[in-house]
Structure formats: structure tokens, C-alpha cells
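Hello,

Here is the structure you will be working with. My notes on the strand pairing and the nonpolar cores follow below.

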Amino acid sequence: MTDTPTQLFIGGAWVDAADGATMAVDDPATGEVLCHVADAGSKDAKLAEEAAVQAQADWARTAPRVRSEILRRAYEIIIERTDELAHLMTSEMGKPLAEARGEVAYAAEFFRWFSEEAVRIDGGLATLPDGRNRMLLSRRPVGPCLLITPWNFPLAMGTRKIGPAVAAGCTMVLKPAPQTPLSSLALAAILKEAGLPDGVLNVVTTSRAGEVCEPLLRGGRIRKLSFTGSTAVGQLLLAQSAEAVVRTSMELGGNAPFIVFEDADLDKAVDGAMVAKMRNMGEACTAANRFFVHRSVAEEFGRRLAERMGALVVGPGTRDGVDVGPLIDRRGRAKVEELVADAVERGAQVLVGGRTPEGPGCFYPPTVLADVDAGSRLMDTEIFGPVAAILTFDDEDEVIRRANDTPWGLVGYVFTEGLDRALRVSERLEVGMVGLNTGLVSNPAAPFGGVKQSGLGREGGRVGIDEFLEYQYLAVPVR
Ligand code: NAD
């Protein structure tokens, strides 16, 4: 996109980094540099923070209907520009155009959803148990927020945070991932066009995440951190947030179990596996990481999954007919290669894939591994690539114990035709979300999030806005 902004967005203006630094954005399909964007340092971060702090009081007083309509207009602009935004996303991130279009729709939907929620922020009046005192309850924006997003869903992870923050009346500093800054800059331009006042959203693209974010978290003016990314970085940011007691929402990593019982409909299970594994080339926090398949159907399931995975077309995401784009970068691909090599060394059978192709770009083929040893590294590491690892189990208690035997708890997938079993197993899984006979749980109208080391808080749904609001209670004695 020739007119995509490449500068920082601070106080409603496009500006260079104070020290003039820039960073390259690469195309993962070719390894070539797409363009350069501003590379913010701590001075720029302070300016962005200042703009957000200055804008907060007026923004908090803006009528909810006004905030709502800005989001609604931004939703409409995003939908109108679906193709343009999808191309931009594919060029910096690699996912096939069809998936990028899907993400544009998903991302826009957060703005539509929160445009509807902006006008439904409620309070209350109650008589306290003594019968004399009254309680007046109101809800107000938490204040200036720092939003940090990952590269795997460059647009949707931004709108999932910006939507509720705008609806609640919070100002923001957004720091996108260095691999995919362009989608966030395009989003800032759209919000400005939709009428978002200057300073409400500020975007700092940077390769120096720690230098930019740490002073903001420790400084006491940012009141809220909403982070999506790896558990390791989330833990570091939680520690940094402790000093100024910054409120946090954490959407962290996953290690999703995908459980296929002997009474499952195998057509549904294979369809579900294709989505749960292959959405975003496996580069999703919700990606099925461990396939537990009942011994009696494991061979059949593995054969059918390998057939479907082997038929997928791998190539640059912009090419027609491509199902699987490149992985984000060489480091991401090297990690997948190492995990597969480790599993194979421990006895896994490669049913399909498993070999890195020659040539430029970060491609890796859809791969199915059977008879995976439970001690393999990919059992306790997010694969973040198109690799399905199959293990077998014999009974329900055993598979629940094994599925829960991980520090993560984002999502689990359960395939069974028995209603009792579906509910029983779902209730015992230590996860924030369950896909019952489906491989897709993400939906802007549902509360997205995990338990254990997969995070704190929820995004989307009726509760998504709560993360950006504080209660204030007024005690009123009535004589
Ligand atoms: P990452 O943790 O490496 O980076 C995430 C963001 O944090 C990026 O913007 C990065 O620049 C920033 N960051 C890194 N170090 C930082 C520091 N010291 N201070 C401040 N910011 C810092 O993760 P990633 O590789 O970009 O994304 C993949 C991870 O994100 C996976 O673990 C995936 O499961 C997770 N994820 C979770 C969800 C969810 O909703 N739970 C959604 C998408 C991705």
C-alpha cells in the first residue's frame, strides 16, 4: 500500500522518531525488505504518553454516543477497505489473502461490538442492608493505557484492545510488534479519519520494546496495561507493572489439547483439526498443540488428517489458491524444525511433511506426526507452526489428567457425540475456553482468555469493556 503511514502517530500527528531511527519491515514470503518505519526510543514513548495523559480528561467526558459513533465509522471504513488492509497484512505477516480478509472482518467486528457497548455502561443505586444508607455506583475509565500487541493477528489484536478502550473513554499508547507495524499504523489513520480526537490513540513502532515500555509502566501515569504475547514477556511486564500498581490484562500463550474420543464423529474431528491447527499456519495462541486421540480411532484419524494436510498448497500468501503462507521469520521456522527433529528422534512417525523446502521465504510444510512420545519438547512448547502431533490415550480420566498437565490453560477442543461426556470433560479441563466439536472459538461477542499461565482477564464479549473501567462508589446516608 503506497500511502500506508510509516511514521509514529503522536498527538494526532505523523512524526519521525526523535533520533531519526528507522527499522526494516520484511516480507516473510521473500525475505526482502518491504519498507522502513520509524523506530521509536524512550523519548518518543514519553511524548506519546504525554499526549495520552493530556487527552484523558476531555476524552473521559466525551458523550458515550460520540465514542460509539467513532467506532462505528471506523468499522465501516475497515470493511470498505478490506482488500487493501488484507494485502497490507499479508505482505508484512505472510498469511494467505483469504485468511487476511477473514481477519479484517474479525478485527472490524470488535469495533462494531464495542460501538454497541459504549452506550451500555451502567451504574446503580441501592439501599444498603441497614436500610438507611444508599450506595451510588458509577463506572469510569481506568485512564491512559499501554497496549502491546503480537505479530500473529496484526489487525485484530489491535482492535480487540482499542475497541473497548475507546468505548470506555480511555486514551492509549499502542506498541505493535516490530514484525507487523504497518497494520497498526493503517488502523491509526482510519481512526483519525473516523473522528478520533488527537492524542486519544498514539502509536509507537519500535524495535526497542523494553526501552519504550518499561519507563511507561514504572512511571505511574499509565494506569493500565493490556498485553497480548508470550507468557515469558507477560511475566516480565507483570513484574514491571507491580511498582506503580498498574492494572493488567494478559492474553498469553497456550498449549491447547485437542481430544478425540472413540465416540467422536471423525468427519467433524478432522474438519475441526484443520481449523484448530491450520488457522494462521498454526501461528495462533489457540492452535491445537497436542492431539490426544483414543487408541481405537487414532490410526484412522491420523490417516485422514495427513491426507487433508498433505493436499494444502504452500506458497506466498498473495498467490491465488495458496492455503499456507510462510512462517513469520527464520527464527520461528528454526524453532518448528527443532521441535519436529526432537519428536522424530524420540520415535514419532512422520505421516506427511516434515521437510523444510529449499529457496527463499520462511516456508514450512503442513506436517502430521503420529506416535509422539509424551516426553517430546513440543508437548510443553507452543509449536507455532503447521505441525500436528498425535498421541493416543485409553480412558477419559487419563486424557483429562494429561491435557491439564501443563502450566497453560487457554483453550481445549473436545470431540465426542455424547452430551454427558462433552459437559463432564469440558468442566474438568483447566482452560478459559472449550471448542465442543469445533476447532474455532474466537468470536468478538465471546469472552476470550485463559487461566493459569495463559493470562488474566478477558477480551471481547460483554465483559471486555470491564477491563477498561473502574467502579466508583458513593456512600449516601439518607436521614
Ligand atoms: P512476544 O511476547 O515476543 O511479543 C509480544 C509483544 O511484546 C510484541 O509487541 C513485542 O515487541 C513485545 N515485547 C517483547 N519484549 C518486550 C519487553 N521487554 N517489553 C515490552 N514489550 C515487549 O510474542 P510474539 O512472538 O509477538 O507473539 C506470539 C505469542 O503471543 C505467542 O506466545 C502466542 O500464544 C501469544 N498470543 C496470545 C494471544 C492470546 O490472546 N492469548 C493471541 C495472540 C498471540
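Subject: sheet and cores

Strand β5 and strand β6 (residues 133–141) pair in the antiparallel sense, over 4 bridges. In that pairing, G124 stands opposite L137 in β6. Please keep in mind that this is a predicted model.

The two strands belong to an open sheet of 3 strands, in the order β5-β6-β22, with antiparallel pairing. The edges are taken by β5 (124–127) and β22 (469–477); each has a single partner strand, so one side of each is left without a neighbour in the sheet. On average, and with direction ignored, neighbouring strands of this sheet are turned by 20 degrees against each other.

Now the cores. The largest nonpolar core has 66 residues, and the members that touch the most others are F258, V260, F291, F301, L305, L378 and Y413. Helix α9 (residues 266–278) supplies the largest share of this core, with 7 residues. Both domain 1 (8–252 + 454–475) and domain 2 (256–443) contribute to this core, with at least three residues from each.

What does Y413 touch, not counting residues up to four places away in sequence? The list runs A256, P257, F258, I259, A276, T286, A288, G435, T438, G439, L440 and V441. One of these, F258, is also among the core members that touch the most others.

There is also a second, separate core of 58 residues, which includes A100, A186, L196 and V200.

Regards

Conventions:
Residues are numbered from 1 along each chain as its sequence is written. This is a predicted model: local features need pLDDT of at least 70, side-chain atom pairs count only at pLDDT 80 or more; totals for chains, interfaces and linings use all residues. Side-chain values use heavy atoms; hydrogens and water are left out. A nonpolar core is a set of buried Ala, Val, Leu, Ile, Met, Phe, Trp, Tyr and Cys residues joined through side-chain atoms within 4.5 Å. Buried means under 20% relative accessible area, exposed over 50%, partly exposed in between (1.4 Å probe, protein chains only). Domain bounds come from an automatic or database domain assignment. Contact means heavy atoms within 4.5 Å. Two strands pair if DSSP finds at least two bridges between them. Axes are lines fitted to C-alpha atoms, for helices over the stretch in contact, and angles run from 0 to 180 degrees between N-to-C directions.
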